[in-house]
Amino acid sequence: MSTTVSSTIEPPRQLPARPGEPLPRRRPERPNRRKDAEMRWARPGLIGLLVVTALAYLWNLEASGYANSFYAAAVQAGTKSWKAMLFGSIDSSNFITVDKSPGSLWVMELSGRIFGFSSLTMLVPQVLEGVAAVGLVYTTVKRRFGGPAGLLAGAVLACTPVAALMFRFNNPDAFMVLLLVGAAYTLTRALEKAGTKWIVAAGVLIGFAFLAKMLQAFTVLPAFAGVYLLAAPTGLGRRVWHLALGAGAVVVSAGWWVATVALWPVASRPFVDGSPDNSILNLIFGYNGLGRLSGGSGGSGGGGNFSGTAGVFRLFNDLMGGQASWLIPASLVVLVAGLVQRGRAPRTDPRRAALILWGGWLIVTGVVFSLSTGVIHTYYTVALAPAIAALIGVGGALLWEGRSRGLVRLVGSAVITVTAVWAFVLLDRTPTYVPWLRVVIVAAAAIAVGALLAAPFVPRATRSLIVVAIGFGLAASLAGPIAYTVTTLRTPHTGSIPSAGPAVTSVSGAVSAARAGGPGGPGGPGGFGGPGGSGGAGGFGGAGGTRPTTGGTRPTGTSAALNAALRSDAGSYRWVAAIFGSQSAATLELSTGDAVMAIGGFNGEGGNITLAQFEGYVAKGEIHYFIASGTGAGGGGGPGGVTNSDSAITAWVEAHFTSETIGGQTVYVLTSRK
């Protein structure tokens, strides 16, 4: 009997006893059907998400014309002059730069050089950066939490109102955000095997993000460095060494351009806008550094005007709230719950590391935006969108995985409830904007929470109830931001202070200037920008946004007569005109295609030449016209003002040249003295 049984039992597989014997075949592993099914639909889902995002962001793109004419003029200049491209000059004759580093301009300028400068060749690269950011968020989240979590995260990013605004606009934020998301991906790869090349790649991407928007790019550094120091799967000494290599990569990839500007002979490069002493270091650490945090060095007086009073709840106020805060409460709940769940995990736990990475990004950047007393615009919140999106994707994965546990369902119910309540509050700030949507959100949230709590009491339908809860929970959570995003996509945006969604009446009763527009340029009087204008309240395509430029060709406020005068014999002059303020100069440059000297720069903090310097340009015959009227103090309505040299230049021109009125503007022909 024993002999019969033993003959039917397969002997255990062993290594060959003698050299030359073939190795036994390994038993094939059992296929993971759930993982295979996920892989089959995750990739088509990603492709669908990217295609829909691209089509939505490209729709009616040209309606915004040149968007922010300040940066559009710099892009135009860069398509004509490699030197202007290198320095980020606003004019092709290289009088003065923009008040940021030029990294984001390079992409648009290369597009313009290849396809010709136009509104579309400038804005389409911004759209593509947004699509790429959505794909990178998906890929990064998927590596830790699976395809469904990645798709949810990518969809949340695409549907964030401020993301839909800035990935269709020509401000530097789009390029910076893309590079920071790329850095999060490479850091995630570095955390898998403590790979040197990946940590260096993260440093390079952050360095180039600095070249897009200077020190704002560095707000992710505390979270990124901290998570690697904590969770990288190697010894402490090697972790520190890797961080040193990453820091070196940041310095090199950002510092080469800074060194170029600092070491270039001052007489042969453009003025550095935003720096009264024409210093790139002053621009970095003053105007775009401490000035943003404390309000000094050219950054004073603007923060409250553009984004409300500094404080813990600034991101949720009437100006900032509708941009990106819809899912911040839910993100914070997910972060805390996730960290508690992974509390006893090993130091190198990849899921806890992901939570720290995205949560640290959200908290540090959010605190900086909330407490800074300098100029903080509402659209800065696009830098929060990837972290929020990733945490929501993570939350969806954790809820599904723990759906059988009562505590997880309670946390999920809390997330849905707080999100729906906050969406109701945000929508209630615009009572005439899709009023039925608030009711739908509350009803969907109630169904979702009810299904989650009832699931354990209906054993045969538990899975179905949880699926219903997730579906209605997503509807309650995303309906508000999707509505704002649709409105943003349907509204043309121009000027220096764009904002997503419909116009919101503040507590004081004033309509948000970011949506209603203002007279002339960025936030104040003057310039050739013309009045802003705003849409009325109403459905998805109703309120919000500033008036687009006419046909994307000639900006509002210029005249055919003035354009014709400036174009006459333009090739004989280095600058066809001189004017106070970059915004005014930019409008003229976009109208004529020729270089205009922007004295004082964006807000009077740069390009402050002396009377003697100005006289020298005139004596050489390098400037055709001086335009005196319609310029506004400080160049485009910023916090600056008219300097003594500005007054001296104006007085000298008035004393030595005859004025004439062309197209409603007072101009002086600098080649013909009295």
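The model is a predicted one. Its secondary structure amounts to 26 helices and five strands. Of the 674 residues in the chain, 55% are buried. Among contacts with a separation of 6 or more, 72% join residues 24 or more positions apart.

Helix α2, which spans residues 33-58, contains threonine 53. With a relative accessible area of 4%, threonine 53 falls under the 20% limit and is therefore buried. Once neighbours within four places in sequence are set aside, threonine 53 has contacts with Val131, Val134 and Ala158. Two of the elements concerned belong to the helix pair described next: Val134 is in α6 and Ala158 is in α7.

Helix α6 covers residues 119-145 and helix α7 covers residues 147-158. Two packed helices are described by the angle between their axes and the distance between the axes. For α6 and α7, the angle is about 150° and the axes lie 7 Å apart. Angles over 145 degrees count as roughly antiparallel, so α6 is roughly antiparallel to α7. The crossing of α6 past α7 is right-handed. On the α6 side, the contact is formed by Ala133, Val134, Val137, Tyr138, Val141, Lys142 and Phe145. These residues meet Gly147, Ala149, Gly150, Leu151, Ala153, Gly154, Leu157 and Ala158 of α7. By class, the residues of this contact comprise eleven nonpolar, three polar and one charged. An α-helix has 3.6 residues a turn, so residues three or four places apart point the same way.

Serine 104 counts as buried because its relative accessibility is 1%, under the 20% limit. Apart from neighbours within four places in sequence, the residues in contact with serine 104 are Pro172, Phe175, Leu211 and Ala212.

Conventions. Residues are numbered from 1 along each chain as its sequence is written. This is a predicted model: local features need pLDDT of at least 70, side-chain atom pairs count only at pLDDT 80 or more; totals for chains, interfaces and linings use all residues. Side-chain values use heavy atoms; hydrogens and water are left out. Axes are lines fitted to C-alpha atoms, for helices over the stretch in contact, and angles run from 0 to 180 degrees between N-to-C directions. Helices (H or I, at least four residues) and strands (E, at least two) are DSSP runs, numbered from the N terminus. Angles under 35 degrees count as roughly parallel, over 145 as roughly antiparallel, 65 to 115 as roughly perpendicular and the rest as oblique. A crossing is left-handed if the near helix is turned anticlockwise from the far one by less than a right angle, and right-handed if clockwise. Contact means heavy atoms within 4.5 Å. Ala, Val, Leu, Ile, Met, Phe, Trp, Tyr, Cys and Pro count as nonpolar, Asp, Glu, Lys and Arg as charged, and the others, Gly among them, as polar. Buried means under 20% relative accessible area, exposed over 50%, partly exposed in between (1.4 Å probe, protein chains only).
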